[in-house]
Amino acid sequence: MPDRDAIIRANRAFYDAFQSLDTARMESVWHKNPGIVCIHPGWRRLRGWGPIMASWERIFDNVFEMEFQLGEVDVTIGGDLAVVIVEENLTQRGYDGASKSQVLATNVFQRVGGEWLMVLHHGSPVLAPPDNEPPLQ
């Protein structure tokens, strides 16, 4: 399988794991390395396997349902590292009811033993108006 296709599949596996609310599935897409990093929207940086997996457990314990509609996926490959930039359109239902949000995510994957595994996820909330709205004065 060409690298680009494999990276797109790895990125989709991340979002499938996210939507499943299954910690074991989320663990399967990450590289088990002390240098991995995760920055959830509005959170401080998390580094290392333990803190990152604990964050997913916390997120999954506080939501009943998540659904992602992904915007355009931009893939850049350099050797054994790949960067994926994607717009996440998220609908979630939790204890406080349903909510929708938009996040711009950077996902970095490293080829490890022929498999592309996540080494960084950074999500930033999109607060700006859509491109078709006039600029603010």
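A residue is called buried if its relative accessible area is under 20%, exposed if it is over 50%, and partly exposed in between, with a 1.4 Å probe and protein chains only. The model is predicted, so local features need pLDDT of at least 70 and side-chain atom pairs count only at pLDDT 80 or more, while totals for chains, interfaces and linings use all residues. Residues are numbered from 1 along each chain as its sequence is written, and side-chain values use heavy atoms, leaving out hydrogens and water.

**Exercise 1.** Determine whether Asn 11 is buried or exposed, and list what Asn 11 touches.

*Solution.* Begin with the location: Asn 11 is found in helix H1, residues 3-20, where a helix is a DSSP run of H or I with at least four residues, numbered from the N terminus. Next, the relative accessible area of Asn 11 is 2%, so this residue is buried. Finally, leaving aside residues up to four places away in sequence, Asn 11 touches Leu 70, Val 84, Val 86, Asn 107 and Phe 109, contact meaning heavy atoms within 4.5 Å.

**Exercise 2.** Classify the ring pair of Phe 18 and Trp 56.

*Solution.* Rings of Phe, Tyr and Trp (its six-membered ring) pair if their centres lie within 6.5 Å, and planes under 30 degrees apart count as stacked, over 60 as edge-to-face and the rest as tilted. The whole structure holds 9 aromatic pairs. For Phe 18 and Trp 56 the centres are 4.7 Å apart and the planes stand at 80°, so the pair is edge-to-face. Phe 18 lies in helix H1 and Trp 56 in helix H3 (residues 49-61), 38 residues apart.

**Exercise 3.** Classify the ring pair of Phe 18 and Phe 60, and decide whether these residues are buried or exposed.

*Solution.* With centres 6.3 Å apart and planes at 50°, the rings of Phe 18 and Phe 60 form a tilted pair. Both residues, Phe 18 and Phe 60, are buried.

Key: Helix = DSSP H or I, 4+ residues; strand = E, 2+ residues; numbered from the N terminus.
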